[in-house]
Amino acid sequence: MANISARVSIRWLPDPPSEPTSTIVTTSPKLQFVDLRITALTEPPSPPQWAIAGKTVVGTPMRWVHEIDSRTDEPGEDSGMNTPLPNGDILEKGRMVDDEDGQMKDYEEVWRKVDIDEGVVVVLECDDAGARGRVVRVGGYCQGLVKVDGKTSCERRVRDTPESKWKTYYRYGDVKLPGDFACLDRALLGGGGEVSVLGQDGEWVTFEKGLNVGDSFKVDGYTWKVTEKSVW
């Protein structure tokens, strides 16, 4: 099932909880996710605290396999125990490296579900010429990252309602991402008619039967593919 989660707080035991970032995770029905943690909105943009694309493995404990990680090319274990709280939030407990001091510590994170305003999911992936990337759009949130030669570019797009325009909340890095494709209107994604999108290379890309799984296109010289789509 598709999901949007916002982190409420993180606690490195025994310190009190805090939330130094804007952290959102968009997860597709096939459990592919993009986790983007932004420390501040500045000009020029500052790097994300962490940007991750991976896959959720449901179990005890829960596992989040990092397939693309802004911090490293050899990510370690990311797992934790999830417990529902009385108000509906989720308390995640586990152990990971604190980026402030590089030490392995016990942590607690509180997560809150964000309403999905429209039944649309699109997942785009790139594995081309040394570039690896993923974009996951769920409803009115679209997040993506791409890593090339150890450097990460990422962005988050949001909209207020299904009728409103998309806004770029955050963008960092030199490589463009295919957010325009993932953020197509529901009618264009769900239909079978011809769809044309102005690519970020400045050229029109046309899909004869809408945007569907298996379609591919180039953005900034790299090939992206549609690997998952749901409209309900």
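The domain assignment gives domain 1 (3-114) and domain 2 (120-231); the bounds come from an automatic or database domain assignment. Between them the two domains bury about 2,400 Å². The salt-bridge count comes to 21, and the count between domain 1 and domain 2 is 2.

**Ground rules**

- Residues are numbered from 1 along each chain as its sequence is written, and side-chain values use heavy atoms, with hydrogens and water left out.
- In this predicted model, local features need pLDDT of at least 70 and side-chain atom pairs count only at pLDDT 80 or more, while totals for chains, interfaces and linings use all residues.

**Domain interface**

- The C-alpha centres of domain 1 and domain 2 lie 23 Å apart.
- In contact (heavy atoms within 4.5 Å) are 33 residues of domain 1 and 24 residues of domain 2.
- The size of an interface is often given as the accessible area lost when the parts come together.
- Buried area here is the accessible area (1.4 Å probe) that two parts lose on being put together, summed over both.
- Of the area buried between domain 1 and domain 2, 63% is on carbon and sulfur atoms.
- The rule finds 16 residue pairs in polar contact across the interface, both residues at pLDDT 80 or more.
- A polar contact is a pair of N or O atoms within 3.5 Å; within protein, one must be able to donate a hydrogen and the other to accept it, and residues adjacent in sequence count only if both atoms are side-chain atoms.
- Strand 1 (3-12), strand 2 (22-27), strand 3 (32-38), strand 4 (50-57) and strand 5 (62-69) each give two or more residues to the side of domain 1 that touches domain 2.
- Strands (E, at least two residues) are DSSP runs, numbered from the N terminus.
- Strand 2 gives the most to that side of domain 1, with 6 residues.
- By class, this side of domain 1 has 17 nonpolar, 11 polar and 5 charged residues.
- Ala, Val, Leu, Ile, Met, Phe, Trp, Tyr, Cys and Pro count as nonpolar, Asp, Glu, Lys and Arg as charged, and the others, Gly among them, as polar.

- Glu 67 sits in strand 5.
- Its accessibility is 31%, which counts as partly exposed; buried means under 20% relative accessible area, exposed over 50%, partly exposed in between (1.4 Å probe, protein chains only).
- Arg 134 forms a salt bridge with Glu 67, with the closest N and O atoms 2.7 Å apart.
- A salt bridge is a side-chain nitrogen of Lys or Arg within 4 Å of a carboxyl oxygen of Asp or Glu.
- The two side chains also make a polar contact (2.7 Å).
- Leaving out residues up to four places away in sequence, Glu 67 touches Ala 53, Gly 54, Lys 55, Arg 132 and Arg 134.

**A buried charged network**

- Glu 109 and Arg 7 meet in a salt bridge (2.8 Å, N to O).
- Glu 109 lies in strand 8 (residues 103-113) and Arg 7 in strand 1, so this pair ties together parts 102 residues apart in sequence.
- Glu 109 is buried at 2% relative accessible area, and Arg 7 is buried at 7%.
- Asp 35 and Arg 37 also form a salt bridge (2.8 Å, N to O).
- Asp 35 is buried at 6%, and Arg 37 is buried at 6%.
- Arg 37 forms a salt bridge with Glu 109, at 3.4 Å between the closest N and O atoms.
- That pair links strand 3 and strand 8, with Arg 37 and Glu 109 72 residues apart.
- Shared partners join Arg 7, Glu 19, Asp 35, Arg 37 and Glu 109 into one salt-bridge network.

How values were computed: Helix = DSSP H or I, 4+ residues; strand = E, 2+ residues; numbered from the N terminus.
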